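Please keep the structure in view while reading.

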Amino acid sequence: MQILHRLFWTPAVLLLLGAPVSAQATPVAVTKTETTPVFAHLMPWFESREFSGAWGQHWTMNTQNPDDLLEDRQQIAAHHYPLTGPYASGDPDLIEYQLLLMKLSGIDGVMIDWPGTTVLYDYPRNRANAEALIGQLGRFGLKYAMVYEDQNVRIAFERGVVTDPLAQVRKDLLFLQQNHFSDPQYFQVQGHPLLMVFGPQTVQKPSDWADLLENLNPQPCLVSLWYEVQEISADCRGEHAWVYQDARPHLEHLKSFYAQRQNFGVKMGSAYPGFHDFYQEGGWGEGYFHIPVGLDTFRQTLDLALRSKVDVVQLVTWNDHGEGTAIEPTREFGFQFLTHLQERLGVSGLGEQDLKLVLELYQQRKKHAGSPEQQKRLDQVSGWMSVLKMNEAAALLRAQ
């Protein structure tokens, strides 16, 4: 293997492929016809025994054990099985895989489900995983914004970990101002860094939000969950749609939101493949509603969002496997959600074969985990993908 690797790097082969691309090379943007920004909502809360030392609760819930095999798959708290198998969100190989898939699918960046700075449960690990992901975004030219889980402050207050919820939220906002809002990779809306709130569920008075944001510089554009804008206050504000169904079909909820919520500022749409949670099977309560998971649901919700002239489309979600909303490739659906994105967003020159190359890259990262030489070659493959030289990436990837 090492001999073949050295033979591959002969001058003749290098001339055939062109000079190796620098790891610091400027990433090349994907060409597409759709101009509406499209972001994937990502959960950074997964942990694996191999990488993290123990399986995280989002793979196990209360009933599953990934150390046990169920036919040809590990036992996980999900109805659909990721092509990578269960993973750790902080694993740099996994982050590279996720971000390359997003880039090559025409996705502009990531909306990160952010736990805040509260020290409780797995929140610190989730935050560290988010930082690890943010550290790789520049390699691939992707943007990001935070989706603040302010409910974590309420939970910490109820557990006695936080004594002053408003002070904790202020601490969280100051952290974002000091570490993220001025980052060139951070996504801006109307000249403001976008800050989404999944609620709000802790701070629900506009006067409190006005006080919390008053001294922040830059001032974020605060975007609440749909129909909650009356609970926030900011110079730039708005709402983001999600996924929901009750007696009314889920598409009716989306259509109503797009038609009625016209004059309150920033409006963000959502597109999702369905909803099939594992909560009841996993011992996490009775579960919620069921929306059939498949390409038809994804096609309908994506088309509806793009036709509704929203400011941003959020893909709900990249990887919430516990709720069955993941568009990340799985055994059940393969790459079909991502290839549909390529088609619907008008991505030029890229297809399913390029997405499969990313999976090959991830698999080789794991296969050659102990070989610095092979990892150097794979760094080069990743670099070619970042500048969209997919033929060069394929040739080098398969030169073992």
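## Helix H8

Helices (H or I, at least four residues) and strands (E, at least two) are DSSP runs, numbered from the N terminus, and the expected span of a helix is 1.5 Å times one less than its number of residues. This is a predicted model, in which local features need pLDDT of at least 70 and side-chain atom pairs count only at pLDDT 80 or more, while totals for chains, interfaces and linings use all residues. Residues are numbered from 1 along each chain as its sequence is written, and side-chain values use heavy atoms, with hydrogens and water left out.

Helix H8 holds 15 residues (165-179), so at 1.5 Å a residue it should span 21 Å, and its end C-alpha atoms, 21 Å apart, agree with that. At the start of H8, a side-chain oxygen of Asp164 comes to within 3.2 Å of the backbone nitrogen of Leu166. Buried means under 20% relative accessible area, exposed over 50%, and partly exposed in between (1.4 Å probe, protein chains only); in H8 the buried residues are Gln168, Val169, Asp172, Leu173, Leu176 and Gln177. These buried residues pack against strands S4 (109-114), S5 (143-148) and S7 (192-197), and against helices H7 (151-158) and H9 (206-213), where contact means heavy atoms within 4.5 Å.

## The whole chain

The secondary structure of the protein chain comes to 15 helices and 13 strands. Its radius of gyration is 21 Å, close to the 21 Å that the globule rule gives for 400 residues, so the chain is as compact as a globular protein of that length; the radius is taken over C-alpha atoms, and the rule is 2.2 Å times the number of residues to the power 0.38. Of the 400 residues, 59% count as buried, and among contacts with a separation of 6 or more, 71% come from residues 24 or more positions apart.

## The disulfide

A search of the whole structure finds one disulfide, defined as a pair of cysteine sulfur atoms within 2.5 Å. It joins Cys221 to Cys236, with an S to S distance of 2.2 Å. Cys221 lies in strand S8 (residues 221-225) and Cys236 in the loop between S8 and strand S9 (237-240), so the pair ties together parts that are 15 residues apart in sequence. Both Cys221 and Cys236 are buried, and their link is left-handed, with -60° about the S-S bond.

## Asn152

Asn152 is placed in helix H7 and counts as buried because its relative accessibility is 7%. The side chain of Asn152 reaches the backbone oxygen of Pro115 at 3.1 Å. Leaving aside residues up to four places away in sequence, Asn152 touches Pro115 and Tyr123.

Methods:
Polar contact = N/O pair within 3.5 Å; in protein donor to acceptor, adjacent residues only side chain to side chain.
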